[in-house]
Amino acid sequence: MQALAEEDDRFGYDRHATNRALSIANGVTVIILGFALGSFLQALPERNTADVQEVVKGLDRLIGLMTKELVELPHIQRHPESFIAEIVGILIGYTILKHAHEDSREYDAAFNRIEQFYTVSQRRRGWIRCGVLVVLGTVVILVTHGLLLAYGHGMGDGIAAGIAQTSIAAGVWCYVYGGLYATRTDLFLYNFRALRQVNVYELGKSESDARREMRLGEKRLCDLSSSLTNFTVAIGVLGALGLYFLPTFRSPYFWLPLVVMIGIALCMRWFVIRYARRRYEPDFD
């Protein structure tokens, strides 16, 4: 496997990892742009729609709850086109992310371990590109918000929010793509993640007892990392939905719980992966 990888990347790992970084960055950005478009559409004249009211009544009858008392949707009733744009953005972004996830799972299952074939200079170039993209994304966000603070007083709230969210979408694309592009060269991280697709009863069955015990220990930590990440992100999603829909807690910063919980999940995952590397494969690279 190592000889094939060094020869011409016959497994197509670099292409796969680069496409994965691009797909995930695009999926997240499309979701944010959906909300940006929704904000722009709120600049249109307000209008009530009986269709949305009928949907709420239908939900009441379907689940037996007074949805309109639990979830207040006046902005949706005034601007149904904004709500539609946000939902479409979420669906398109989710589809892109789901496809990237499925493709990644299939690749991980086919090649669940690849030895290091990137050179030191290749890894350094990846991190340099990541640094440039992070700086670029930060500049776009800060400059846009600075201009809005200085000259955006005459704009409507919807237009200003749309511009701010568009800049955030551009910055997030730079962060996500840059980070994933740089970490693609960390093949220990790839091997650790790919262990999720390996059957525990087949893991290391043709290897020595010591090697098999090491792989099993890594897999237990991999499963722990995956469970913690999924649980933490689920809490963030619930918090974001609560701040978006519940009238008592509604806030324009509804996305903040999700960002915070993703940050916490990444920190926990980093500690678990670092512990796994130090304990099981300190000399991998």
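Of the 285 residues in the protein, 36% are buried (under 20% relative accessible area with a 1.4 Å probe and protein chains only; exposed means over 50%, and partly exposed lies in between). This is a predicted model, in which local features need pLDDT of at least 70 and side-chain atom pairs count only at pLDDT 80 or more, whereas totals for chains, interfaces and linings use all residues. Residues are numbered from 1 along each chain as its sequence is written, and side-chain values use heavy atoms, with hydrogens and water left out.

**Figure 1. Overall fold of the protein.** The protein has 11 helices and 0 strands; helices (H or I, at least four residues) and strands (E, at least two) are DSSP runs, numbered from the N terminus. The order of elements from the N terminus is α-α-α-α-α-α-α-α-α-α-α. The accessible surface comes to about 16600 Å², and carbon and sulfur atoms account for 65% of that area (Shrake-Rupley method with a 1.4 Å probe; for residues, only the protein chains shown count as cover). Among contacts (heavy atoms within 4.5 Å) between residues at least 6 apart in sequence, 80% join residues at least 24 apart.

**Figure 2. Packing of helix 2 against helix 8.** Two packed helices are described by the angle between their axes and the distance between the axes. Helix 2 (residues 13-41) and helix 8 (residues 157-183) pack at an angle of about 170°, and their axes are 8 Å apart. Helix 2 is therefore roughly antiparallel to helix 8 (angles under 35 degrees count as roughly parallel, over 145 as roughly antiparallel, 65 to 115 as roughly perpendicular and the rest as oblique). Axes are lines fitted to C-alpha atoms, for helices over the stretch in contact, and angles run from 0 to 180 degrees between N-to-C directions. The contact of helix 2 with helix 8 has 20 nonpolar, 8 polar and 1 charged residues; Ala, Val, Leu, Ile, Met, Phe, Trp, Tyr, Cys and Pro count as nonpolar, Asp, Glu, Lys and Arg as charged, and the others, Gly among them, as polar.

**Figure 3. Surroundings of Tyr181.** Tyr181 lies in helix 8 and is buried, with a relative accessibility of 12%. Not counting residues up to four places away in sequence, Tyr181 touches Thr18, Ala21, Gly126 and Arg129. Although Tyr181 and Gly126 are 55 residues apart along the chain, their C-alpha atoms are separated by 6.5 Å.

**Figure 4. Helix 9 and its N-terminal cap.** Helix 9 is mostly covered, with 8 of its 8 residues buried; among them are Phe188, Tyr190, Asn191 and Arg193. Asp186 caps the N-terminal end of helix 9, where a side-chain oxygen lies 3.3 Å from the backbone nitrogen of Phe188.

Figure 5. Lys219, in helix 10 (residues 209-245), is buried at 7% relative accessibility. Apart from neighbours within four places in sequence, Lys219 is in contact with Leu195, Arg196, Val198, Val200 and Leu203. Glu202 is placed in the loop between helix 9 (187-194) and helix 10 and is partly exposed, with a relative accessible area of 49%. The C-alpha atoms of Glu202 and Arg212, 10 residues apart along the chain, are separated by 9.8 Å.

Figure 6. Arg113 is buried, with a relative accessible area of 12%. The side chains of Arg113 and Glu115 make a polar contact at 3.0 Å (a pair of N or O atoms within 3.5 Å; within protein, one must be able to donate a hydrogen and the other to accept it, and residues adjacent in sequence count only if both atoms are side-chain atoms).
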